[in-house]
Amino acid sequence: MTRMVALKYWLLAGFIAIGASLHHTPAQAGTEKLIVAGGCFWCVESDFESVDGVKTVVSGYTGGTLANPTYKDVSKKGSGHYEAVEIRFDNNKVTRDELLHKFFRSVDPTDAGGQFCDRGDPYRTAIFYKNNAQKAAAESAKAKAASDLGRKIVTPILPAKEFYKAEKVHQDYYKGTKLVLTRFGPKKQSEAYKRYRLACGRDARVQELWGSDAPFAHKLLN
């Protein structure tokens, strides 16, 4: 009888453990993070916050050696960091593969010296991975982009390092209401952002490269 009671106990414990595991799986599987660098992080944040299934996009710095970098540190081009974004998304609504597909077609992945009018190491493109599955997904997306474009893609796929959130002023800059001084005079952040993006030629170049496959450029140019 004692052995039977013990067996029932362990069976019950096993069923409870399995049930708990199944209960927590959807919450864990439902949210993922993707870290990419695509030039000016204001622009990448603006683009991907418009994607259905994306929960948040945070501008920041990663890939370098300096701890707790500031915008000034990174813009001096000596920290090794990229301007990057951390995209938090619901994989029940949008997949990593879909986001990577959009990413390549929202930048100029043939440019190794920066992006558009922003030149230098902080503005290069990159994809950061945390495990072999993420690396494989990025490599597959890169190969597809190269095939579709018919040109060499220089965007590196790199092991993720610590991601440092950028200063508050850089978060949601594209829709900010604070007045800032620009070469066009005092403007709200949202207006300053639009003028900067147009002058930088980002969308014109992306549409030149990708045409109707550009997921964001046509919305801003037309």
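This is a predicted model: local features need pLDDT of at least 70, side-chain atom pairs count only at pLDDT 80 or more; totals for chains, interfaces and linings use all residues.
Q: What percentage of contacts between residues at least 6 apart in sequence join residues at least 24 apart?
A: The contacts counted here are those in the chain between residues at least 6 apart in sequence. Among them, the share that joins residues at least 24 apart is 70%.

Q: Which residue forms a salt bridge with Glu-32?
A: Glu-32 lies in strand β1, and its partner lies in helix α4. The closest N and O atoms of the pair are 3.0 Å apart, and the partner is Arg-96.

Q: Is Arg-96 buried or exposed?
A: Arg-96 is in helix α4, residues 96-104. Leaving aside residues up to four places away in sequence, Arg-96 touches Glu-32, Lys-33, Leu-34, Phe-89, Gln-134 and Ala-137. The relative accessible area of Arg-96 is 10%, and a value under 20% means buried, so Arg-96 is buried.

Q: Why does Lys-33 count as partly exposed?
A: Lys-33 sits in strand β1, residues 31-38. Buried means under 20% relative accessible area and exposed means over 50%. Lys-33 falls in between, and therefore counts as partly exposed, because its relative accessibility is 41%.

Q: Which residues gather with Lys-33 in a patch of positive charge?
A: The patch is on the surface. With Lys-33 it is made up of Lys-55, Arg-88, Lys-93 and Lys-130.

Q: What is the phi of Asn-68?
A: Asn-68 lies in the loop between β2 (54-62) and α3 (71-75). Its relative accessible area is 58%, so Asn-68 is exposed. Most residues other than glycine have a negative phi. Asn-68 is not a glycine, yet its phi is positive, at about 50 degrees.

Q: Is Phe-116 buried or exposed?
A: Phe-116 is in the loop between β4 (114-115) and β5 (118-119). Phi of Phe-116 is near 60 degrees, a positive value in a residue other than glycine. With 14% relative accessibility, Phe-116 counts as buried.

Q: How far apart in space are Arg-197 and Cys-43, C-alpha to C-alpha?
A: Arg-197 is in helix α6, residues 189-200, and counts as buried at 4% relative accessibility. In sequence, Arg-197 and Cys-43 are 154 residues apart. In space, C-alpha to C-alpha, the distance is 7.5 Å.

Q: What is the N to O distance in the salt bridge of Asp-111 and Arg-119?
A: Asp-111 counts as buried at 16% relative accessibility, whereas Arg-119 is partly exposed at 36%. Their side chains meet in a salt bridge, with an N to O distance of 2.9 Å.

Definitions and conventions
Residues are numbered from 1 along each chain as its sequence is written. Side-chain values use heavy atoms; hydrogens and water are left out. Patches are made of residues with over 30% relative accessible area and no salt bridge: like charges are joined within 9 Å, nonpolar side chains (Val, Leu, Ile, Met, Phe, Trp, Tyr) within 5 Å. Accessible areas come from the Shrake-Rupley method with a 1.4 Å probe; for residues, only the protein chains shown count as cover. A salt bridge is a side-chain nitrogen of Lys or Arg within 4 Å of a carboxyl oxygen of Asp or Glu. Lys and Arg count as positive and Asp and Glu as negative; His and the chain ends are not counted. The place of a charge is taken as NZ of Lys, CZ of Arg, CG of Asp or CD of Glu. Helices (H or I, at least four residues) and strands (E, at least two) are DSSP runs, numbered from the N terminus. Buried means under 20% relative accessible area, exposed over 50%, partly exposed in between (1.4 Å probe, protein chains only). Contact means heavy atoms within 4.5 Å.
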